[in-house]
Amino acid sequence: MAMTTDEQLAIYGGPKAKTTPNIPMYPGGLSIGDEEKRLVLEVLDRKYLFRYYGPEQYPSKVAELEQAFAEKFGAKYALAVTSCTSALISALVAVGVGPGDEVIVTGYTFFASCASIVAAKAVPVICDIDDTLTMDPDDLERKITPRTKAVIAVHMRGVPCDIERIAAICRKHNLKLIEDVAQACGGSFNGKMLGTFGDVGCFSFQYHKIITAGEGGMCLTDDPKLYDRLMGYHDTAACWRPDRFGEERYEGELFCGVNYRMSELTGAVMQAQLGKLDGLLQQMRQHKARIKSQIADLPGLTFRRVLDEAGDTAISLIFLLDDPEKVQEFATALQAEGVAASSVFGKGIPDWHIYYHWKHIMRKATPTPEGCPYTCPHYTAKGGEITYSEESCPKIGEYLSRAIHLDIPAQMTEDDCDMIAKGIRKVAKAIL
Ligand SMILES: Cc1ncc(COP(=O)(O)O)c(C=O)c1O
């Protein structure tokens, strides 16, 4: 039967399903307005750009942000830092990860989650995913060795990982748990905020994230000693902190750190952005639900499994095609329809969210020729020897090679959502 014009794919000259421009995925960035300007100007007018002092003393914007963040997320302590990478490194150091240790992390995450382990002088062990596209708890248990000290659980593309099970595994094996919440700020699992399940939760305020100051990060913890160690490491042994200055209040508190302190300007922008978090999440959740409801009946595709829909931040919609051979054609046809969709996996496409492409890790590349942490005597003495291979996490290739990914910009309209759904239906009908 000949197709009517409306059904003809845009890639073959038919009309586009989506005729409006695609909105970029900068939920917080695009919402920057008067409140951010007011708070930044306040910092500049006061000439108070450093959290501990200025020409006159004022309440620190960074300290106020930390307090508001801790309260909102239900954690005892929040520590503002320069990025999620610096949050992760600080967290690893704080929980005691160092030479000779292994840390398990998923192979589907931004490279920084893994690189932070090497920066903390430990050896990353890469874990497979399941159909949530996050850490597979069964593979996590398989990858634990006597050298394992910690686990980094990543809430990838806005969706909570199986954090309760992962936390239970960590408790059983006496492992430290760090949550990478860079992509899922404001998400939850069974009503509890992501970032509060492990020993430390790490957040990013980089420009692509839900709320942003261009750069920035946050650590959450409930443990006062971990907070002290985080504080010390991120601030050259907490040397600026009024109640510290090189004094050790208990053994093990004082050690050399780095400077990952957040600037007052960043603190000001983030105070305004934090106030917008709930509104942005609500918009993205409505959009995602609206699109999903219009494509849920399509044969030949399944949604990524989401363990707790209410806790999904809804920054992305990922569905898997039954047939991986059709993914590229599907994505290209959707793009021609005006829908900003993409495939996720391709061995030739160097995407730093998939471990195959982490060349520095795969080759165990190090800045000096000694090869630490991989050849560190503390590691080899414990029997540690690691080789990385493309075959070590087969489900990453299996699931991601079937995946189509769409961003869910908060600033979309309902019409945009309906046109996206129309485009997916049209392409699915023609191709699947
Ligand atoms: C999952 C994940 N972890 C860590 C990071 C690193 O965050 P930052 O750029 O703030 O260091 C990112 C940023 O893209 C990320 O997506």
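**Chatting through a predicted model**

Author: Let's start with K121, which is placed in the loop between α5 and β3 (123-127); helices (H or I, at least four residues) and strands (E, at least two) are DSSP runs, numbered from the N terminus.

Reader: Ok, and what is phi of K121 near?

Author: Phi of K121 is near 75°, a positive value in a residue other than glycine. Most residues other than glycine have a negative phi, and most peptide bonds are trans.

Reader: Which residues does a cis peptide bond join, then?

Author: C372 and P373, with omega at about 15°. P373 lies in the loop between α12 (359-362) and α13 (377-380).

Reader: Before we go on, where do these values come from?

Author: This is a predicted model, where local features need pLDDT of at least 70, side-chain atom pairs count only at pLDDT 80 or more, and totals for chains, interfaces and linings use all residues. Residues are numbered from 1 along each chain as its sequence is written, and side-chain values use heavy atoms, with hydrogens and water left out.

Reader: How far is a polar side-chain atom of T85 from an oxygen atom of the ligand?

Author: 2.5 Å. For S204, a side-chain N or O atom is 2.7 Å from a ligand oxygen, and K209 also has a side-chain N or O atom 2.7 Å from an oxygen of the ligand.

Reader: Switching topic, how many aromatic pairs are there?

Author: A search of the whole structure finds 18. Rings of Phe, Tyr and Trp (its six-membered ring) pair if their centres lie within 6.5 Å; planes under 30 degrees apart count as stacked, over 60 as edge-to-face and the rest as tilted. Y26 and Y207 form a tilted pair, 4.8 Å centre to centre with 40° between the planes.

Methods. A polar contact is a pair of N or O atoms within 3.5 Å; within protein, one must be able to donate a hydrogen and the other to accept it, and residues adjacent in sequence count only if both atoms are side-chain atoms.
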